[in-house]
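Have a look at the sequence and the model below before reading on. Turn the model around a few times, and then we'll walk through it together.

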Amino acid sequence: MHDAWQIPTVGVAVDLVVLTIRTDQLQVLLVERGVEPYLGKLALPGGFLASDAEDIDAAASRELIEETGLRAKNTHLEQLRTYGTPHRDPRMRVVTVGYLAILPDLPEPTAGGDARA
């Protein structure tokens with residue numbers, strides 16, 4: 001007889017791939033992590049849902065504002081893919097919804113939230 005199946009504990013996060021063109025080159029927006037794990041490393045802006053009631057699209061917009069100061073009001077965020085490979089994050093099992101935004105004239109971002117720079 002098999003052990004009883006249990007619902008796993010899983011964190012849900014959003015990450016944003018924000019592309020722009022500067023000096024005629026395609027660039028991606030990265031933040032410097034201000035917290036562990038990977039303190040000081042470059043990462044895509046993003047993070048965990050703020051609560052079990054937060055909408056995933058709303059979380060993507062919130063994380064963009066918190067970590068970069070950029071508002072998603074006039075930005076189309078497109079769900080790109082969902083990532084869920086076990087052990088990607090040392091804190092817990094995390095399923096991440098990736099978003100893509102292409103902004104041809106990206107204003108200068110301002111770090112905030114858990115982004116140091």
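This is a predicted model: local features need pLDDT of at least 70, side-chain atom pairs count only at pLDDT 80 or more; totals for chains, interfaces and linings use all residues.

Residues are numbered from 1 along each chain as its sequence is written, and side-chain values use heavy atoms, with hydrogens and water left out.

Let's trace the chain. Follow the sequence along and you get β-β-β-β-β-α-β-β. Take the contacts (heavy atoms within 4.5 Å) between residues at least 6 apart in sequence: 61% of them join residues at least 24 apart.

Now for the inside. Of the 117 residues in the protein chain, 32% count as buried, where buried means under 20% relative accessible area, exposed over 50%, and partly exposed in between (1.4 Å probe, protein chains only). In soluble globular proteins, nonpolar side chains tend to be buried together. Here, the largest nonpolar core has 14 residues. Such a core is a set of buried Ala, Val, Leu, Ile, Met, Phe, Trp, Tyr and Cys residues joined through side-chain atoms within 4.5 Å. Leu-16, Val-18, Ala-60, Leu-77 and Tyr-99 have the most contacts inside this core, and the elements giving it two or more residues are β1 (11-22), α1 (56-68) and β7 (94-102). Find Ala-60: leaving aside neighbours within four places in sequence, Ala-60 is in contact with Val-14, Leu-16, Leu-77 and Tyr-99.

Next, hop over to Thr-96, which lies in strand β7. Is Thr-96 buried or exposed? Thr-96 counts as buried because its relative accessibility is 5%. Thr-96 and Ala-13 are 83 residues apart in sequence, yet their C-alpha atoms are 4.6 Å apart in space. The side chains of Thr-96 and Arg-88 are joined by a polar contact of 2.7 Å (a pair of N or O atoms within 3.5 Å; within protein, one must be able to donate a hydrogen and the other to accept it, and residues adjacent in sequence count only if both atoms are side-chain atoms).

Leu-44 sits in the loop between β4 (42-43) and β5 (46-48). Leu-44 is partly exposed, because its relative accessible area is 31%.

Notes. Helices (H or I, at least four residues) and strands (E, at least two) are DSSP runs, numbered from the N terminus.
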